Amino acid sequence: MNSVTGRLQLTVARAWRIQTTRNSRRLPAFSLHCLGALNTDTSPVKTSARLYCCRMEHGKGVLFRQLFESSSSTYTYLLADPDSKDAVLIDPVLETVDRDIKLIDELGLKLTVAVNTHCHADHITGTGLLKKKVFGLKSAISKFSGATADILLSEGDNITFGKHCLTVRETPGHTDGCVTLVTEDQSMAFTGDTLLIRGCGRTDFQQGCAKRLYASVHGKIFTLPDHCLIYPAHDYKGQTVSTVEEEKKYNPRLTKTLEEFVDIMNNLNLPKPKKIDISVPANLVCGLHDI
């Protein structure tokens, strides 16, 4: 009986060691550098979807880069399938087209779609110039934007790249044609100007409507999983990413009642965007204006 008990204890101990080893491989410490994290605790119970873009195994997950244009504080996002090398670029900026193409070439990717989350008022999109420089590239934007593009997007459409896709959620309010793009596992959402980090897009021009924006955020973005990472089109304070849970708790505008939110948005008294008179006409024709 003692020998049987001993063998059972040894078997359990071996199984525990194997499981522990497997768990420890889930979050290697070196993967934290991608989002600037400093905590190197590799305990599996602290694993967070915030590190989604970094802790994928080869052939799984999405290759992801967050890029920045300083004059308009615009974020451009590159996502790719590491196997097929097909890539999507979100919200490219005219001035950084060459930088983006260089990175895409260095990573050995094939850019298939360049998509804008809306018709921007503060910068000219790089989509038109990219189409001139990248053979076969397709442009995409919401069908409600009034803009010209190869692909006009609607609610529920998928932008496919390799075995991955981004799903379109219509989130009007900042403009009629605003969309949020969500990864298939709902771990990342690219919200354009609809939802910013601790803020939101203005609603005082270009078909803006505070009530619609409030409904879009609460109905289409705040219904995503709490751990879903929020990647906006802009940030003016050096912030790079948030989560649904954080914005539901701490967004100073969208945690208010609808009536309070509308009052806030109606009294922002913001200056007119400096480039609106050239950006909007250019972006309505895929950014090809005066190129």
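Modeller: A salt bridge here is a side-chain nitrogen of Lys or Arg within 4 Å of a carboxyl oxygen of Asp or Glu. This is a predicted model, where local features need pLDDT of at least 70 and side-chain atom pairs count only at pLDDT 80 or more, while totals for chains, interfaces and linings use all residues. Residues are numbered from 1 along each chain as its sequence is written, and side-chain values use heavy atoms, with hydrogens and water left out.

Colleague: How many salt bridges does that rule give?

Modeller: The count is 15 salt bridges.

Colleague: Ok, which residue does aspartate 83 pair with?

Modeller: Aspartate 83 pairs with lysine 163, and their closest N and O atoms are 3.0 Å apart. The two are 80 residues apart and link distant parts of the chain. Aspartate 83 sits in the loop between strand 2 (74–80) and strand 3 (86–90), and lysine 163 in the loop between strand 7 (158–161) and strand 8 (164–170). Strands (E, at least two residues) and helices (H or I, at least four) are DSSP runs, numbered from the N terminus.

Colleague: Where do glutamate 245 and lysine 249 lie?

Modeller: Both are in helix 5 (residues 244–250), four residues apart, which is about one turn of the helix. Glutamate 245 is partly exposed at 35%, and lysine 249 is exposed at 52%.

Colleague: Changing topic. How many residues are in the largest nonpolar core?

Modeller: It has 22 residues. A nonpolar core is a set of buried Ala, Val, Leu, Ile, Met, Phe, Trp, Tyr and Cys residues joined through side-chain atoms within 4.5 Å. Leu79, Ile90 and Leu181 are among those with the most contacts inside the core.

Colleague: Which strand gives the most to this core?

Modeller: Strand 2, with three residues.

Colleague: What does leucine 181 touch?

Modeller: Residues including Val115, Leu166 and Phe190, not counting those up to four places away in sequence. Contact means heavy atoms within 4.5 Å.

Key: Buried means under 20% relative accessible area, exposed over 50%, partly exposed in between (1.4 Å probe, protein chains only).
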